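Visitor: Please pick one part of this protein and look at it closely. Then place it in the rest of the chain.

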Amino acid sequence: MRLIGILLIVASTVATSVVAQDRPAAQDTDADMKIPAGARIYIAPIEGGFDIYLTAAIHKKAVPLVVVSDRSKADFEMSGVTESERAGWAKMMFMRSTATAEQASIKIVNIKSGTVVYGYNVNKGSSARGKQSSSEACAKHLKEKIESGL
């Protein structure tokens, strides 16, 4: 009886592995995971106008992308979230600082394949230039990704 149980377990394991080998693996090609220089990107509206800051930062940092205003003409779509926390009265009074705490996260999706090709999060604890600073950090790291070819 014990031998029959072991044989059933082995047979089911072999059958499962054979069935799994018959299915094609869902793999993303390298082309789906890269952002080529000169690609067209659509930046979705982000609360607080952060999409405008991102557009300006992409131009300022000379990121090799073409920003388009029509999603249907884009190869990639950028979306994100941002949060700002203004300096409290104690920080302004005792430290004489009006710097804000900025947090932002972006992701870029290949529109044709639906693959998330890039994600980045920035946390600026004491940002003198607010959203501009966090958007420029996002653009700088995006440029590095594109130029590395990864």
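Guide: Glu-77 counts as buried, because its relative accessibility is 18% and buried means under 20% relative accessible area, with exposed over 50% and partly exposed in between (1.4 Å probe, protein chains only). This is a predicted model, in which local features need a pLDDT of at least 70 and side-chain atom pairs count only at pLDDT 80 or more, while totals for chains, interfaces and linings use all residues. Residues are numbered from 1 along each chain as its sequence is written, and side-chain values use heavy atoms, with hydrogens and water left out.

Helices (H or I, at least four residues) and strands (E, at least two) are DSSP runs, numbered from the N terminus. The side chain of Glu-77 has a polar contact with that of Arg-71, at 2.8 Å. A polar contact is a pair of N or O atoms within 3.5 Å; within protein, one must be able to donate a hydrogen and the other to accept it, and residues adjacent in sequence count only if both atoms are side-chain atoms. Leaving out residues up to four places away in sequence, Glu-77 touches Tyr-42, Ala-44, Arg-71, Lys-107, Ile-108, Val-109 and Ile-111. A contact here means heavy atoms within 4.5 Å.

An α-helix has 3.6 residues a turn, so residues three or four places apart point the same way. The end C-alpha atoms of helix 5 (residues 131-148) are 26 Å apart, which agrees with the 26 Å that its 18 residues should span at 1.5 Å a residue; the expected span is 1.5 Å times one less than the number of residues. Just after helix 5, Gly-149 has a positive phi of about 75 degrees.

Glu-47 sits in the loop between strand 1 and helix 3 and is exposed, with a relative accessible area of 71%. Its C-alpha atom is 7.0 Å from that of Val-81, 34 residues away along the chain.

Now the whole chain. The protein has five helices and five strands, in the order α-α-β-α-β-β-α-β-β-α from the N terminus. Of its 150 residues, 33% count as buried. The mean pLDDT (the predictor's confidence in each residue, from 0 to 100) is 76, and 63% of the residues score at least 70. Over residues 15-26 the pLDDT is below 50, and this stretch has zero contacts in the model beyond near neighbours in sequence.
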